[in-house]
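The entries follow the order in which I looked things up.

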Amino acid sequence: MSYMMNLKIKRTLCAVLASLMLSFSLTACTPNEKNNETASTDPAAVTDTLPEVTAGETTEVETDHDDPALKPDHLTIGGVDISEYTVVIPASPGSYDQLAADFLVRFIGEATGVTVRQTTDAEAAGHMILVGATAYDTDAVKSARSEIKNDGYAMLVDGGNLYVTGALDRGTLFGVYDFLEKYLGVRMYGGVTYPEKQEMYEIKEKLRVDIPADLRTVYYSPVAFRKTSWTAVNDGWACFPFWNCYNSSEFKFAAGAVHTIAHLAETGGDLSPNPCLTDENIYRTVLKNVRLELEKYPGAQYVNISQTDGTSHGCQCKNCLAIEAEEGSPSGPWIRFVNRIANDIKEDYPNVLVETLAYTFTEKPPKVTKPAENVAVCLCTSSCCFVHAIDDPDCPRNATFAGYVKDWSEICDHLRIWTYSGNFQATDNGDKNGFAPNFRVIRQNVKYFVDHNVTAVYVEGQQHTADRQSTAMGELRAYLWGRVLWNPDMTEEEFIAYTNDFMNYYYGDAGPLLLKYVDTVYGDMLDNRKYNKLMEGHSYVICEYGRFFRIYDTEGNCTTAYMDKLADIWNEIYALDTLTDVQKYHVDCAAVQFYDIAASVYSTIASKTRDSDDRQKVRDYKAKLRDARERTGL
Ligand SMILES: [Zn+2]
Ligand SMILES: [Zn+2]
């Protein structure tokens, strides 16, 4: 846990989800972030409760890549050339309709060379691509829209017109994104802010696409709430709202999003001891403040009552411990407490869920009491191993945790997951750039969550490269989390393709080499479970670089052989002369992490061998680190 970091933060009851992090709220309420989740970017997005979710159905469009008679860059809809179409939005558009239409026009233009006209349904005619809920909605469109859940969309051709529409405003936008990705080959990787804001996207395939006259797709992610707190999403990627991450801001919290109990009980802050949950005065105070919060935030969907951070236990009084014993878990007193609050506010706030954490000492569900129907549980993966997939039966840490996911899913109707994309232990230890071999399992983990009725996933990520708390290639992780949470059913091949697309574009020819570097380390860990012993703590990260990066040979002598092998890959990367300036910048950002590790590991070796060559390597890597930091501003 990173509560040392938290100590530096003066907490406010800021309800930004990303700001109230389980472990590291250094950038808590940055000016860039919205001040309160109740100030949704999508005013139409308020839903009363979490909708019931099941997987959507999809109709695939056939494309013919091999037919030489077909012209590239060519798009038809129902046999009609794209140049005949007009993009149409409602005369009174929803929040994102105009944006969605602008993206359509822009990327149809870039992919096909055809500039389509854009207008509103007040004056439209001819063949139309209708964006959002327009006056031209047919029964077929209305029927398809009624099947949409969450922020999904319907995409269909009816009467020669193409309709893309969500049930929520942002669903329409996501439908357009999927259209552009699927049919026009647009891959949106985000943006960079160095040396100035630049869009990072490519149009992968230019081929003839014929969208059939009977296209009908209804799609939604089973994960109703998805959020990845990679700051680039808020900053560099702001030019592409929600793209990649397809984030949803559906959850609106009263009373803050996490670690709220001591505030509500008026006994302290995020890092205070947990108050007594069997004390009637505490109960009355919490209830009073919960009601005050709910009055203050009308429209809140959640009120969070959860344990403080940095604590390893709840109240240790006789009564609380008796409940723990009866329930077989320290989560027992919490579930009983929040159930009681939930019951007390149910009548006045029928649409509010009372949420609590299952985190560290409360991971294990109680064996007697079930969460009430208006109680949500947010289970945090801080004790998981990210080297292995969560359902890898040979990983003892994950076998235990996967069991908790399953057990909670059986007793709780509203199960959320709080997980991580960065290396928090490294931050705790004061290292700036911890190696976090955690992105190869993203797909399997999300699939496991979804298979166990998880409908919300929050990914606490690195904050920003400029914070020096990045795990290298955080942009890739944010991208992959976004893709997977939007489409948890993707295959491993698709996941690998997404990874490779991103790496090849974002890092150019260095992409495959960077993956080789990661996989060299990562592959060794997968193959050799003794590496588990070198990882521990919050979100299970590398805690001992020296042994992890193999400073001993089989005879027990100090050796630089393993580090030299990794260094060779980096030398190869820096020998490339094909990279653009932006790609070089991306490579430098990733290199900062390796140089940091290399300086540290070579230094450990040199202190033992006292060899002058080894000492020179330390100096070299410190210089490289300094230079890369200078170039990147990290
Ligand atoms: Zn107590
Ligand atoms: Zn493991």
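I began with a helix pair: α13 (residues 474–486) packs with α14 (residues 492–506) at an angle of about 145 degrees, their axes 10 Å apart. Axes are lines fitted to C-alpha atoms, for helices over the stretch in contact, and angles run from 0 to 180 degrees between N-to-C directions. Helices (H or I, at least four residues) and strands (E, at least two) are DSSP runs, numbered from the N terminus.

I noted that this is a predicted model, in which local features need pLDDT of at least 70, side-chain atom pairs count only at pLDDT 80 or more, and totals for chains, interfaces and linings use all residues. Residues are numbered from 1 along each chain as its sequence is written, while chains are lettered from A and ligands numbered from 1 in the order in which they are written.

I then looked up the sheet with the order β4-β3-β5-β7-β6-β11, an open one of 6 strands with mixed pairing. Two strands pair if DSSP finds at least two bridges between them. I found β4 (117–120) and β11 (216–219) at the edges, each with a single partner strand, so one side of each has no neighbour in the sheet. The twist averages 20 degrees from one strand to the next.

Within this sheet, I saw β5 (residues 127–131) and β7 (residues 161–166) run parallel, joined by 3 bridges. Val131 stands opposite Val164 in β7.

Last, I recorded a second open sheet, of 3 strands in the order β2-β1-β10, with mixed pairing. There β1 (residues 75–77) pairs with β10 in the parallel sense over 3 bridges, and Leu75 stands opposite Val209 in β10.
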